Amino acid sequence: MSMNNKQRWMGGVVLLGGGVLLAALLLKGKEEIHQNQVPVQPIENVRQSDTAPETVQLQPLTVDIDTEKRLLEEQRRSREKAVAEQEAQAADFLRNQQQVEAEAGRRAAEEYAAMNAQRQASQRSSDSIPPELIEDDNVKAQRLAQEKQAEQKKLADQKKLTEQKAKSEQDVAEEKRKAAAEKLASEKKAAEKKAAETKLKAEKAAADKKLADEKKAADEKKRKAEETKKKAEAEKARELLENGEKQWMVQVALAANEANADAVAAKLRAKGYKVTKSPTSKGIRIMVGPSKDRESADAERKKINSDESLNMKSAWVIDWVPLDRR
């Protein structure tokens, strides 16, 4: 019989013995309870003889109802106490039995470990190896090999997952680096473009300013030349007016353009007046004459102002020098 079967047999015997003892204690307690629950019948000391009649004498009751109830209650308490003690004993027995079984299992395990160590030692020194131990070793070796293979596979999976994670993180970092580089290049390009546009605007503004300054200088030069020319012409005209040959004219109007001047001149010619037009910086001067002296010119002026059909009441006399004589 092997060690495991022996241990199982001993444990079964211990369990069977404990169960029998527990059942006996429980049956005993139930019988006592049943006996104590039987009601006490009052005893009558009445005897009757079938052969000869006797005088019946009644005896008084020894206890009353309250006393009987009290006695029954005490009996019930005693029974409950006995049952509780039996249950406590049974619990102690079961607890002791479990301790014994645990101790027996521990000792059996120690014995089995010692026997297994002895068998392994004998296996190394002898060829007489039990088949069941060989089979157990083979199973154990197979299990260890499977566990080692599973552990290696787990480590390989973890390594692969770590590599994938590292590669993924590296790819993400590379994408971020590329995005940052592209952004930096785009910002640099935008800054260069902006700088070029700013430079172009500055150059254009400088060129425009230079052209404006040149134009302003040219306009200023032209204006000064015109002023000089006008001043010279004015001086010449003044000199002619003061020292040259003068003609007395009646200035009738100063037209804004040539068409207006022609219209006024046509009205005057229709009346028989000799009309002369002379352009000025302010418009076209329309004059009647010339007259030989101022008095003749003034008489001509009064005649024109008094003519209602002409409606020219602002004529005045001027001393005028023709352009060809200036």
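# A walk around helix H5 and its sheet

Start by selecting helix H5, residues 294-306. At 1.5 Å a residue, its 13 residues should span 18 Å, and the end C-alpha atoms do sit 18 Å apart, so the two agree. The expected span here is 1.5 Å times one less than the number of residues. Helices (H or I, at least four residues) and strands (E, at least two) are DSSP runs, numbered from the N terminus.

Before going on, a word about what is on your screen. This is a predicted model, in which local features need pLDDT of at least 70 and side-chain atom pairs count only at pLDDT 80 or more, while totals for chains, interfaces and linings use all residues. Residues are numbered from 1 along each chain as its sequence is written, and side-chain values use heavy atoms, with hydrogens and water left out.

**Stay on H5.** Which residues of H5 are buried? Pick Ala297, Ile304 and Asn305; buried means under 20% relative accessible area, exposed over 50% and partly exposed in between, with a 1.4 Å probe and protein chains only. Now look down the axis of H5: its buried residues fall within an arc of 95 degrees, so they line one face of the helix. That arc is taken from the directions from the helix axis to the C-beta atoms. On the face turned away from the buried side, you'll find the exposed residues Glu295, Lys302, Lys303 and Ser306. What covers the buried residues includes S1, S3 and S4.

**Next, show the sheet.** It is an open sheet of 4 strands in the order S2-S3-S1-S4, with antiparallel pairing. Strands S2 (275-279) and S4 (316-320) are at the edges with a single partner strand each, so one side of each has no neighbour in the sheet. On average, neighbouring strands are turned by 45 degrees against each other, direction ignored. H5 packs on this sheet, touching S1 (247-255), S3 and S4, and its direction makes about 30 degrees with that of S1. Contact means heavy atoms within 4.5 Å; axes are lines fitted to C-alpha atoms, for helices over the stretch in contact, and angles run from 0 to 180 degrees between N-to-C directions.

**Walk across the strands.** Two strands pair if DSSP finds at least two bridges between them.

- S2 to S3: select 284-291 for S3, which is joined to S2 by 5 bridges. Look for Ser278 with its partner Arg285, then Lys277 opposite Ile286.
- The hairpin of S2 and S3: there are 4 residues between the strands, and Gly283 takes a positive phi near 155 degrees.
- S3 to S1: 6 bridges join this antiparallel pair. Ala255 has Ile284 as its bridge partner, and Leu254 has Arg285.
- S1 to S4: the pair is antiparallel over 5 bridges. Find Gln251, which stands opposite Trp316.

While S3 is selected, colour it by accessibility: 6 of its 8 residues are buried, so the rest of the structure largely encloses this strand.

**Now jump to Ala261.** This residue lies in helix H4. Is Ala261 buried or exposed? It counts as buried, at 0% relative accessibility. Leaving aside residues up to four places away in sequence, Ala261 touches Ala255, Lys277, Ile284 and Ile286.

**Zoom out.** The whole protein has 5 helices and 4 strands, following the pattern α-α-α-β-α-β-β-α-β along the sequence. Buried residues make up 13% of the 326 residues. Of the contacts with a separation of 6 or more, 68% are between residues 24 or more positions apart.

**Last stop: confidence.** Colour by pLDDT, the predictor's confidence in each residue, from 0 to 100. The protein averages 78, and 77% of the residues score at least 70. Where pLDDT is low, the predicted coordinates should not be read in detail.
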